[in-house]
Every structure is written in C-alpha cells, then in structure tokens.
Amino acid sequence: MASEFKKKLFWRAVVAEFLAMILFVFISIGSALGFQYPVKNNQTAGASQDNVKVSLAFGLSIATLAQSVGHISGAHLNPAVTLGLLLSCQISILRAVMYIIAQCVGAIVGTAILSGITSALPENSLGRNELAPGVNSGQGLGIEIIGTLQLVLCVLATTDRRRRDLGGSGALAIGFSVALGHLLAVPFGSEHHLSALPQLLFCVLTLCLSLLRLRGSAAPVLPATLSCSQIDYTGCGINPARSFGSSVMTHNFKDHWVFWVGPFIGGALAVLIYDFILAPRSSDLTDRMKVWTSGQVEEYDLDADEVNSRGFLGTKICQPPPPLKSQR
C-alpha cells in the first residue's frame with residue numbers, strides 16, 4: 001500500500017473521483033429539482049416531475065464523466081461500484097477507501113453548490129432519497145439491492161478484460177444501466193407522462209444504436225434491462241455517496257441506512273454471481289491478497305505515457321483478436 005500511496009497517479013485518480021462526483025451530483029440532482037421553477041411568492045410552479053428527463057440526466061452524466069476521467073481514475077463515481085471492484089480483486093483496499101472518501105466529500109460539495117443555487121425553493125429536499133409512502137424499510141432495501149446488483153453486474157461484464165467481443169462504448173452501456181434503472185419507473189398512467197413519450201422513444205433509439213455498435217454482442221447492455229423501477233419507491237438511490245450528500249445538507253438521515261446497506265449488498269452479490277458463477281476467475285487467494293495490498297501493477301500503476309492505454313474503470317482496453325488468415 002505504501003508504494004501506491006506515494007505515486008502521483010494515485011492521487012490524481014482520487015482528485016478525479018472528487019471532481020467528477022461534484023459534477024455528477026450537480027447535473028443529476030439539478031435536473032430533478034428544475035421542474036419546480038419558476039418560484040413566485042414563495043410558491044413553486046406546481047409542475048409534475050419528469051422521470052424521463054431525470055433518468056436521462058443520471059445516465060448520460062455517468063457516461064459523459066466516464067469518458068472524461070475514466071482514463072485517470074476509472075470513473076467509479078459510486079461506492080457500491082468501488083466495493084464491487086474491490087471484492088472482484090481489481091483494486092487495492094487503500095484505493096477503495098480513498099475513492100469512497102473522495103466520492104462522499106464530492107457529493108457533499110456538489111449538493112452544497114446546488115443548495116446555494118436553488119435556495120429559493122421552499123422545503124428543498126436537494127434530491128434526498130426517501131422511502132415512498134407504503135414502502136417499508138425491508139421493501140426499500142430489496143429494491144436497492146436489486147437495482148445496484150444489475151448496475152455492478154453490468155460494470156463487471158462490460159470491463160472484463162478477458163472478453164474479446166466488445167466493440168462499443170463501455171461508458172455508454174453503463175450509463176444506460178443507470179438510466180434504465182430510472183426509466184422503468186415511469187408510470188404511463190397520466191397525461192403528463194404520456195407527453196414524455198418522445199423523450200423515451202429517443203432514449204430507446206439511442207440504446208438500439210449502441211447495441212448495433214457492439215458488433216453482435218449485447219451482453220454489456222442487457223443486464224441494464226433487468227433494473228427494477230425505483231424512482232417511485234426509493235428515489236432510486238443505488239449510489240450511497242449521492243444519497244449521503246443530500247442527507248448531510250438537509251440534516252435528515254431517516255432510513256438513510258437503506259441507501260448504504262442495500263447498494264453494498266447488491267454490489268457484493270453481483271461480484272459473487274459474475275466472478276464465481278457466470279465467469280469464474282482462475283486467480284487463487286494469494287493473487288487476490290496481493291491485489292488488495294498493493295494493487296494490480298499491470299493495470300493501475302502505469303507511467304504517464306501509458307495512461308492512454310487504459311479504458312473505462314482503469315482496465316486496459318481489450319483489443320479484438322486478429323482475423324484468421326485464409327488457408328489455401
């Protein structure tokens with residue numbers, strides 16, 4: 001751990017997680033609060049929340065930031081994803097701890113900035129996750145577990161260096177995993193939500209185009225379609241740092257444990273399913289312990305001139321095998 005701690009690339013990665021988390025929280029939660037404007041006489045506009053807009057903001061912000069800082073830190077932007085990659089023996093314990101701290105602090109800063117900009121809103125919740133009426137803590141926990149499981153499963157599958165069938169954008173696939181977790185929650189039972197159909201059709205069209213780019217393999221995106229409907233139940237947490245920032249700024253931690261325990265259990269289950277059932281790894285306990293204590297040298301401790309060889313989440317970009325020469 002000491003060797004990793006002394007390296008500039010390590011601290012650049014931590015700073016990247018911090019800055020990216022600020023932007024992610026500001027953009028995603030800001031999109032969820034915007035529908036209340038304009039505010040007149042201390043009264044909001046009275047409009048209804050557009051779940052499709054919020055879903056796209058969350059998903060596309062993740063995809064954009066993954067392209068922006070993925071080559072520096074891996075763009076985890078989620079303690080549950082960081083925990084999943086730690087249990088999958090892809091990062092060290094030190095890196096995981098520092099990433100989670102950076103993500104939480106970044107979420108607080110991003111929410112604080114948003115609080116200052118949206119100070120005119122009465123009873124501003126700042127996007128705080130909370131259980132909907134009729135949803136108890138056990139049900140909310142289950143929803144968070146399943147939602148995070150599909151996200152981390154998508155991350156593990158999309159960034160698996162052993163695969164040779166990936167030709168599309170891993171960042172876009174994982175961004176859609178986040179977006180669909182929100183999109184499938186839209187209840188098309190009212191006139192307002194029917195007006196959101198063009199946006200939903202646009203998102204579906206974009207998803208189809210991303211599938212075509214994957215050149216015959218839809219595996220990285222398909223896990224996203226397993227996402228449960230969450231906005232109307234828990235506010236769709238699946239990101240403990242994001243939930244933590246809003247709770248800190250509003251001084252409201254009611255049922256907050258659900259949005260830590262649920263995502264962490266979901267991330268751990270995703271690792272168990274992928275690494276031991278769907279695509280078992282051959283590394284033994286000694287190799288795993290080495291990664292946890294010192295990190296994977298071939299993946300993370302790269303020199304500056306090698307940074308461009310890394311892909312999303314800090315793993316090396318998988319190149320497809322060369323075409324076979326025709327035998328005559």
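Trainee: From the N terminus on, how do the elements of the protein run?

Mentor: They run α-α-α-α-α-α-α-α-α-α-α-α-α, which amounts to 13 helices and 0 strands. Helices (H or I, at least four residues) and strands (E, at least two) are DSSP runs, numbered from the N terminus. The model is predicted, so local features need pLDDT of at least 70 and side-chain atom pairs count only at pLDDT 80 or more, while totals for chains, interfaces and linings use all residues. Residues are numbered from 1 along each chain as its sequence is written, and side-chain values use heavy atoms, with hydrogens and water left out.

Trainee: What share of the residues is buried?

Mentor: The term buried means under 20% relative accessible area, exposed means over 50%, and partly exposed lies in between (1.4 Å probe, protein chains only). Of the 328 residues in the protein, 52% are buried. The protein exposes about 15300 Å², of which carbon and sulfur atoms supply 65%. Accessible areas come from the Shrake-Rupley method with a 1.4 Å probe, and for residues only the protein chains shown count as cover.

Trainee: What share of the contacts joins residues at least 24 apart?

Mentor: A contact means heavy atoms within 4.5 Å. Among contacts between residues at least 6 apart in sequence, 79% join residues at least 24 apart.

Trainee: Which residues touch the most other members of the largest nonpolar core?

Mentor: A nonpolar core is a set of buried Ala, Val, Leu, Ile, Met, Phe, Trp, Tyr and Cys residues joined through side-chain atoms within 4.5 Å. The largest one here has 46 residues, and Met 21, Phe 24 and Leu 151 touch the most other members. At least two residues of this core come from each of H2 (8–33), H3 (51–69), H4 (79–87), H5 (93–117), H6 (137–158), H7 (170–183) and H12 (258–278). Beyond its neighbours within four places in sequence, Phe 24 contacts Ile 29, Phe 58, Ser 61, Ile 62, Leu 65, Asn 239 and Arg 242.

Trainee: How is a pair of packed helices described?

Mentor: By the angle between the two axes and the distance between them. Axes are lines fitted to C-alpha atoms, for helices over the stretch in contact, and angles run from 0 to 180 degrees between N-to-C directions. Angles under 35 degrees count as roughly parallel, over 145 as roughly antiparallel, 65 to 115 as roughly perpendicular and the rest as oblique.

Take H2 and H3: their axes come within 9 Å and cross at roughly 160°. H2 is therefore roughly antiparallel to H3. H2 residues including Ala 20, Leu 23, Phe 24 and Ile 27 meet H3 residues including Ala 57, Phe 58, Ser 61 and Ile 62.

Trainee: At what angle do the axes of H2 and H11 cross?

Mentor: At roughly 70°, with the axes coming within 11 Å. H2 is therefore roughly perpendicular to H11. Met 21, Phe 24, Val 25 and Ile 29 of H2 make the contact with Ala 241, Arg 242 and Ser 246 of H11.

Trainee: What is the handedness of the crossing of H6 and H12?

Mentor: A crossing is left-handed if the near helix is turned anticlockwise from the far one by less than a right angle, and right-handed if clockwise. The crossing of H6 and H12 is right-handed. Their axes come within 7 Å and cross at roughly 40°, so H6 and H12 are oblique to each other. H2 passes H3 in a right-handed crossing as well.

Trainee: Is Ile 29 buried or exposed?

Mentor: Ile 29, in helix H2, counts as buried because its relative accessibility is 1%. Thr 111 is 82 residues away from Ile 29 in sequence, with 8.1 Å between their C-alpha atoms. Apart from residues up to four places away in sequence, Ile 29 touches Phe 24, Thr 111, Leu 114, Leu 126, Gly 127, Arg 242 and Ser 246.

Trainee: What is phi in Leu 126?

Mentor: Most residues other than glycine have a negative phi. Leu 126, however, has a positive phi near 55°. Leu 126 lies in the loop between H5 and H6 and is buried, at 3% relative accessible area. His 251 also has a positive phi, of about 55°, and is not a glycine. His 251 is in the loop between H11 (240–250) and H12; with a relative accessible area of 70%, His 251 is exposed.
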